[in-house]
Amino acid sequence: MVDAAIRPTTAAATSSAAQRTHSIDVERVNELLLGTWADTRREAREMIKDPAFWRDDSLAKDEHRERVLSQLHLLVENRAVHRAFPKRFGGEENNGANIAGFEELVAADPSLQIKSGVQWGLFGSAILQLGTEQHHEKWLPGVMDLSIPGAFAMTEIGHGSDVAAVGTTATYDPETEEFVINTPFRAATKEYLGNAALHGIAATVFAQLITNGVNHGVHCFYVPLRGEDGNDLPGIGREDDGLKGGLNGIDNGRLSFDHVRIPRTNLLNRYGDVAADGTYSSEIESPGRRFFTMLGTLVQGRVSLDGAASWASALGLHIAITYATQRRQFDGANGEETVLLDYGKHQRRLLPRLASTYAHIFAHDEFLQKFDGVFSGRTDTPEDREDLETLAAALKPLSTWHALDTLQEAREACGGAGFMFENRLVGLRADLDIYVTFEGDNNILLQLVGKRLLQDFARQFKGADARTLAKYAVGQTAGKVFHGAGLRALGQSVADLGQVARSVELGLREEQQHELLTERVQQMVADIAGRLRAAGKDKVLGEKLFNENQAELIEAARAHGELLQWEAFTDAIRKIDDADTRQVLTWLRDLFGLSLIEKHLAWHLINGRLSMQRAGAVSSYIDRLCARLRPHALELVQAFGYEPEHVRAPIASGVEQQRQDEARAYYAALEASGEAPVSEKALKQKKR
């Protein structure tokens with residue numbers, strides 16, 4: 001087990017191979033990474049230095065659950081849960097700060113971060129965002145002080161990401177002025193709900209609202225689960241999900257309802273209401289738009305997952321890169337063992353992922369600003385909400401997939417030490433596994449982004465006359481000829497006839513990277529739109545063509561998200577005044593951009609975007625960027641701002657450096673004593 005935060009000594013802070021004066025302004029980079037709500041993040045990090053918030057790896061599932069519940073009470077005591085709630089209840093109405101603070105809990109224990117998100121970010125937010133003042137007055141104080149722990153009952157066994165099709169019903173009975181909540185079949189059981197197995201005494205339940213024989217679609221209801229005696233109320237079915245692949249500090253479970261009656265006023269009726277006589281009313285006439293408006297108010301779950309996953313990647317890289325600057329393996333030309341990060345392959349494993357993590361964090365801050373603008377009301381228009389939904393669906397998949405990939409590579413890069421639970425990497429990897437499928441399966445979210453890209457593409461031609469469409473068609477043809485015939489690639493080949501390495505460095509800088517990344521999105525969307533256009537109004541053919549192009553549509557959406565991240569990274573660089581710092585971060589941004597180009601090199605070649613010479617030089621240029629960044633690697637992870645109490649991994653504490661120094665001192669003293677044994681190999685060479 002880790003002692004209460006092992007603080008590295010100054011001597012152990014860097015490896016001898018990487019010792020150098022700081023050439024980047026670490027504090028300035030840290031300020032950029034912490035972003036708009038830097039003060040809130042620092043406040044949260046200071047709070048979780050307390051060991052009471054740390055994950056205790058010795059605990060079994062049941063004990064872990066109770067520890068996390070006690071930690072939620074500590075959050076209340078530290079006033080760490082109030083930021084998003086109304087000022088009249090002691091809150092701050094600061095939505096951006098609220099998300100930023102909760103994201104930081106991932107460094108203490110991801111179970112704590114997610115369970116707190118369930119209580120205040122989902123259960124509490126549903127009441128706040130979907131309810132009206134009477135609901136706020138009645139329940140929000142209890143939600144805030146944790147006297148009403150609750151579950152967010154949306155997901156069902158049979159309908160995970162397809163919320164509109166949930167089977168749970170809420171049928172209105174005008175004689176008693178009650179809704180009857182019912183689970184009509186097993187697949188309609190609410191599943192995977194935090195706080196459901198043990199701690200929840202109420203739930204916000206999403207169900208099909210039926211009144212006067214008409215189904216008005218999915219609405220949200222406040223449903224008590226337990227009475228004052230602590231026992232489940234009649235009709236409440238509760239099951240424990242048991243041991244999971246991660247996040248075992250959360251009491252996930254199932255809820256079912258056997259004709260459970262609740263008052264009419266328990267409908268959270270901000271967007272739709274039912275009168276005493278059963279008459280339904282809503283200010284939003286379209287059922288589809290009403291449904292998406294209700295779900296849009298709960299987007300903050302995806303926002304927080306994007307940020308938490310990005311910072312978990314940062315924590316994993318802090319551990320792996322710190323270890324890689326201290327751990328030595330295999331003799332080098334100088335007769336000493338080589339530091340791991342001095343190996344080109346090790347740089348290739350970790351530094352591109354470091355560049356990507358910077359991009360994810362910078363993009364997340366812009367995302368969080370957008371979220372705060374919408375939820376504060378400053379920029380709350382239907383267009384802004386649609387943009388926010390699209391941004392959430394684009395970035396959450398990329399950051400959560402990146403976290404799994406980064407934590408796995410970091411684990412492998414640390415060898416057997418990385419597999420030890422005390423060094424955090426396997427635990428973080430297990431806990432973040434579920435991030436890629438909750439709050440929306442990543443592929444489904446990217447499909448939503450792809451559809452939005454197609455809609456935006458189609459809007460360009462809405463109402464266009466024949467001349468405009470003809471002009472576009474000609475432009476497309478010219479573009480196909482230009483790229484498909486390789487005219488651009490031919491021009492690059494001519495330019496590269498001199499020194500290819502130099503040419504690729506000059507020809508794939510900021511402007512060219514942006515052009516390549518942008519054109520890839522545009523071309524993919526245009527190609528898909530062209531293939532789908534053949535369906536016209538034929539729904540059967542349309543479904544067939546969509547399925548045939550679904551994988552490419554998701555890939556186009558992913559490319560769109562990557563472009564957004566590259567642009568956010570570039571925006572951050574422009575805020576830096578110090579020339580050395582700007583240069584190092586430009587190299588890091590270039591490493592991110594060129595890694596994306598390398599990943600999709602086949603596409604760029606097939607579509608005539610790159611010449612064979614320039615494409616062949618991309619990988620070697622990435623290698624050169626890794627070598628340039630090697631001396632700055634430790635500074636770049638130090639800029640994440642994590643302190644020993646946050647890291648809590650012995651291999652990143654300086655212990656490894658002490659071991660290496662001890663070993664080297666031992667062999668040096670042995671050699672100096674003249675008593676060192678002669679190796680058999682050296683003896684044979686001497687006899688020759």
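**Figure 1. Pairing of strands β4 and β8 in a predicted model.** In this predicted model, strand β4 and strand β8, the latter spanning residues 253-257, run antiparallel and are joined by 2 bridges.

**Figure 2. The loop residue N195, between β4 and β5.** N195 is found in the loop that lies between β4 and β5. Its phi is near 75°, which is a positive value in a residue other than glycine. With a relative accessible area of 1%, N195 is buried, because the cut-off for burial is under 20%.

**Figure 3. Strand β2 and its two partners.** Strand β2 covers residues 169-173 and is mostly covered itself, since 4 of its 5 residues are buried. Its pairing with strand β3 (residues 178-182) is antiparallel and extends over 5 bridges, and in this pairing N182 of β3 is the bridge partner of T169. The hairpin formed by β2 and β3 has 4 residues between the strands, and in this hairpin E177 takes a positive phi near 55°. With strand β5 (residues 202-211), by contrast, β2 pairs in the parallel sense, over 3 bridges, and here T171 stands opposite I210 in β5. As a general point, strands of a sheet pair through backbone hydrogen bonds, either parallel or antiparallel.

Figure 4. R41 lies in helix α2, which is made up of residues 38-47. This arginine is buried, because its relative accessible area of 2% falls under the 20% cut-off. Leaving aside residues up to four places away in sequence, R41 touches L34, A100, E103, E104, W311, H364 and L368. One of these contacts, A100, is 59 residues apart from R41 in sequence, while the C-alpha to C-alpha distance between R41 and A100 is 6.1 Å.

**Figure 5. The largest cavity and its lining.** The structure holds 1 cavity of 30 Å³ or more, and the volume of the largest cavity is about 60 Å³. The residues that line the largest cavity are V81, A84, F85, N95, N98, W120, S125, L128, Q129 and Q300. Two or more lining residues are given by each of α4 (95-103) and α5 (110-130), and the largest share, 4 residues, comes from α5. Sorted by class, the lining of this cavity has 5 nonpolar and 5 polar residues, with no charged residues.

**Figure 6. The second largest pocket, lined in part by α9, α10, α18 and α19****.** The second largest pocket has a volume of about 480 Å³ and is lined by 20 residues, of which R353, S356, H402, D405 and K599 lie nearest its centre. The elements that give two or more residues to this lining are α9 (344-376), α10 (382-413), α18 (539-573) and α19 (579-599). From α9 comes the largest share, 7 residues. By class, the lining of the second largest pocket has 10 charged residues, together with 5 nonpolar and 5 polar ones.

**Figure 7. R648 in its loop, with the chain as a whole.** R648 lies in the loop between α23 (644-647) and α24 (655-673), and has a positive phi of about 50° although it is not a glycine. R648 counts as buried because its relative accessibility, at 8%, is under the 20% cut-off. Of the contacts in the protein chain with a separation of 6 or more, 76% are accounted for by residues 24 or more positions apart.

Methods:
Residues numbered from 1 in each chain as written. Predicted model: local features only at pLDDT ≥ 70, side-chain atom pairs only at ≥ 80, totals over all residues. Heavy atoms only, no water. Buried < 20%, exposed > 50% of the residue type's maximum accessible area, 1.4 Å probe, protein only. Contact = heavy atoms within 4.5 Å. Pairing = 2+ DSSP bridges. 1 Å grid on protein atoms, 1.4 Å probe; cavity = no way out; pocket = protein on both sides within 12 Å on 5 of 7 lines; lining within 4 Å. Points joined across faces, edges and corners; volume = space filled by probe spheres on them. Nonpolar A, V, L, I, M, F, W, Y, C, P; charged D, E, K, R; others polar.
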